[in-house]
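Q: I am new to this structure and would like a close look at a single part of it. Please take one part and follow it into its surroundings.

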Amino acid sequence: MLSTDNIETTSDSSGSSETESGRTVLVLDTSAFFLSIPLDGVLFTVPRVESELKDLRGKARFSVLLDEGMEIRPPLQKSLKAAREAAGKCGDIRVLSDTDTDLIALALEVKGTLVSDDFAVQNTALLLGIPVRSIIQREAGPRVWQLRCTGCGKYFDQVPTKAGDCPICGSALKRKNK
């Protein structure tokens, strides 16, 4: 298994992260296992990704990449905290799954490029300065979202309550581009 304790990374002008040996560091979202796209470099993913793979093709690709040296690694708590804070700032916190947050946190830790087609994942990663690479979709541009109450119309920059509903009228909050 690879350990990033020994991996020194640098970023080039395009934002790609590489080890000192010139190999790209990639952190793979679940969507990276659905297609047979070339993935060259030092590969990482998080444990929750494996449980999201339901079809035989995705599971087989995961297994092959694991045999080729991909490392499955949970992120550290301090990285998770940074990922959640960034998601809160840009307004993506409500749409990111635990797996998404884990991936962003791990990419931050290993100074890797996050491979994902999820716009909310890409948006939060970009806010943290993490390079992103899409698979099929176009890459997302950075966005900051506001939340607007569907009932009273009040705007919020961050989720105002744990339940995620409007503290004024109790209606659902929807994301709007700021």
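In which strand does Glu 71 lie, and what surrounds the salt bridges of this protein?

A: Glu 71 lies in strand S5, residues 71–72. This is a predicted model, in which local features need pLDDT of at least 70 and side-chain atom pairs count only at pLDDT 80 or more, while totals for chains, interfaces and linings use all residues. Residues are numbered from 1 along each chain as its sequence is written, and side-chain values use heavy atoms, with hydrogens and water left out.

The protein has five helices and 10 strands; these are DSSP runs numbered from the N terminus, with helices (H or I) of at least four residues and strands (E) of at least two. Of its 178 residues, 46% are buried. Buried means under 20% relative accessible area, exposed over 50%, and partly exposed in between, with a 1.4 Å probe and protein chains only.

Glu 71 is buried, at a relative accessible area of 6%. Its C-alpha atom is separated by 8.5 Å from that of Val 42, which is 29 residues away along the chain. The side chain of Glu 71 also meets that of Arg 73 in a salt bridge, 3.7 Å from N to O. A salt bridge here is a side-chain nitrogen of Lys or Arg within 4 Å of a carboxyl oxygen of Asp or Glu. Arg 73 counts as buried too, at 15% relative accessibility.

The structure holds three salt bridges. Arg 48, Asp 98 and Asp 102 are linked in a network of them. The side chains of Asp 98 and Arg 48 meet at 3.6 Å, N to O. That pair links distant parts of the chain, with Asp 98 in helix H4 and Arg 48 in helix H1 (residues 47–52), 50 residues apart. Asp 102 and Arg 48 meet at 2.6 Å, N to O. Because Asp 102 lies in helix H4 and Arg 48 in helix H1, this pair ties together parts that are 54 residues apart in sequence. Asp 98 is partly exposed at 48%, Arg 48 is partly exposed at 38%, and Asp 102 is buried at 7% relative accessible area.

Helix H4 covers residues 98–110. Of its 13 residues, 11 are buried, so the helix is largely enclosed by the rest of the structure. Among the buried ones are Leu 103, Ile 104 and Val 110. Lys 111 follows H4 and has a positive phi, near 55°.

Methods:
Expected span 1.5 Å × (residues − 1).
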